[in-house]
Amino acid sequence: MHRSVIGQMKTHNWSHGVTALTVFVGMLLTNTVLSARIALAKCGSPWREHTIAGNFDGVYSVYAADVDGDMDMDVLGAAFETDDIAWWENDGSENFTQHTIAGNFDGAFSVYATDVDGDADLDVLGAALGAHDIAWWENDGSENFTDHTIAEEFTGAFSVYAADVDGDGDMDVLGAALAADDITWWENDGIENFTGHTISGRFDGAVSVKAADVDGDGDMDVLGAALDADDIAWWENDGRENFSKHIISGNFDRAHSVYAADVDDDGDMDVLGAAAEADDTTWWENDGSENFTGHPISGEFDGAVGVFADDLNGDGDVDVLGAGFEEDSVAWWENNGRENFAEHTISSSFDGAFAIYAADVDGDGDMDVLGAGFFAADVTWWEQSERLTCASFIPIIAK
C-alpha cells in the first residue's frame, strides 16, 4: 500500500502539500493493515472444536436442552444407522456422558425436547424414518425415560417438532413425513392422549416442519419444506386450527430445511430455508402482511441441508447458520445489521454435515454451535471464544 502511493506521487508530480498528505494516509493505511494482521495472529480461530460423540453412526439430528435440570446445557442426537435416540449429560464443565434413551428406534432421524406432560421436566420426541414412528419419551424427573408412541404409520417420518398449536396451554406435536408427503399435528388433550390432524397430505417429499406465529395474530402457524416439490410453505392458522396453505417459494430446488426468525428486526416473522440441489441458503422477508421477498444469503453452499438463525456474535441482530452436506461444511453468515451477510467458515471438514443448532453450551454467555456429521458419525460442538468479534472485525479493517 505504502509503495503504491509513493509511485503514484512520483508519476503525477503532485504538490508538496498533497504529497505530504498522501504519504501520511499511505503510512496510516499501511500501519492499520499491519496492526490488523498482528491482531489477527493474536485472535486465531474464534471456534474451538470439541467432539461429544465420535461413533454415533449415521447421526442426522442434534439438539440442545437442559435435560436433567441442573442448569447446564445437555445435548441430544438421533442416529439412523444405529437406531438410537441418545442424550449426553453435561457435568457443568462440558464433559459429556452418553445415555441411550432408545436403542431400537428404527431409522432414528429427528430429535427434539420439550415438556410434553407439563410436569416441569424435559421429555424427548423422536421421528423414525424406518419405523415410520413419531414417539415421545417421558422423563420421570430423574432422566428415566418411558416410551410412548404418538403415530405408528407416519410413512417416512423425517422430522418432529412441538408447539402449543391450539393454544390450550399444553404441548402438541408436529411431524413431516417424506414418503407420505404429509405435514401433521397431533393434538394433546392435556393428559398426553394425541389425536392426529393432517395439515397437508400432498406436500411432496415433506422433510421439515416448524411452528411460529407467522402472521402475528397470536396463534401458531406451521411452516414446511418439501424435498420433491421444491417448496417452502406456511399454513395459516385461523385460530381454530383450520390451516390455509401459502407458498413462499415453489422452485427452491430440493428444499430441505425451514426456519423462522425476525431477521430484519421489524417485528414480524421472516422465513429461512436451505436447498440441497440449489446449494442455496435464503431468507424471505415478510413485509408485515405475509408477502415474502426472497434474499439469497449464499447460492454456492454445496448441498445446503441445514439452516438455523440466532444472534451468534451478540451484536443485537440475527445471524444465520448452515450445514453443507456435500462440502462437509459448517458456516455462519454475519448480519451487519442491514441484512448484508458475510460468510465465515466454522469447519470445512465435518464429513456429511447435516444438522446445525446453536446454544450456550458452556454457559459463558455467548452462543456456541452444535452439528451432526452423518459420515463422520460425529456429534460436535464448536466453542465460541471471546475472539469472535475480533475475528469478524479484522477483514473489514484490512480491506
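**Surface charge, backbone and salt bridges**

Glu277 counts as exposed because its relative accessibility is 52%, and the cut-off for exposed is over 50%. The model described here is predicted. Glu277 sits in the loop that links strand E19 (270-275) to strand E20 (280-286). Together with Asp253, Asp302 and Glu326, Glu277 forms a negative surface patch.

The chain as a whole was examined next. It holds 3 helices and 28 strands. Of its 399 residues, 53% are buried. The accessible surface of the chain is about 16,800 Å². Carbon and sulfur atoms account for 45% of that surface. Contacts were also sorted by sequence separation. Among those between residues at least 6 apart in sequence, 40% join residues at least 24 apart.

Backbone angles were then considered. Most residues other than glycine have a negative phi. Met71 has a positive value, with phi near 75°. Met71 belongs to the loop between strand E2 (59-65) and strand E3 (74-79). Its relative accessibility is 76%, so Met71 counts as exposed. Asp265 also has a positive phi, near 55°. The loop between strand E18 (255-261) and E19 contains Asp265. With a relative accessibility of 61%, Asp265 is exposed.

The count of salt bridges comes to 3. One of them pairs the side chains of Arg48 and Glu383, at 3.8 Å from N to O. Arg48 lies in strand E1 (residues 47-53) and Glu383 in strand E28 (residues 378-384), so this pair ties together parts that are 335 residues apart in sequence. Arg48 is partly exposed, with a relative accessible area of 36%. Glu383 has a relative accessibility of 15% and therefore counts as buried, the limit for buried being under 20%.

Another salt bridge joins Arg254 and Asp228, whose closest N and O atoms are 2.7 Å apart. Arg254 is in the loop between strand E17 (243-249) and E18, while Asp228 is in the loop between strand E15 (221-226) and strand E16 (231-237), so the pair ties together parts that are 26 residues apart in sequence. Arg254 is partly exposed, at a relative accessible area of 31%. Asp228 is partly exposed as well, at 38% relative accessibility.

Asp238 and Arg240 also meet through their side chains in a salt bridge, with an N to O distance of 3.4 Å. Asp238 is partly exposed, its relative accessible area being 36%. Arg240 reaches 60% relative accessibility and so counts as exposed.

Methods. Residues numbered from 1 in each chain as written. Predicted model: local features only at pLDDT ≥ 70, side-chain atom pairs only at ≥ 80, totals over all residues. Heavy atoms only, no water. Patch = residues over 30% accessible without salt bridge, like charges linked within 9 Å, V, L, I, M, F, W, Y side chains within 5 Å. Areas by Shrake-Rupley, 256 points an atom, 1.4 Å probe, with all protein chains shown as cover. Salt bridge = Lys/Arg side-chain N within 4 Å of Asp/Glu carboxyl O. Lys, Arg positive; Asp, Glu negative; His and termini not counted. Charge placed at Lys NZ, Arg CZ, Asp CG, Glu CD. Helix = DSSP H or I, 4+ residues; strand = E, 2+ residues; numbered from the N terminus. Buried < 20%, exposed > 50% of the residue type's maximum accessible area, 1.4 Å probe, protein only. Contact = heavy atoms within 4.5 Å.
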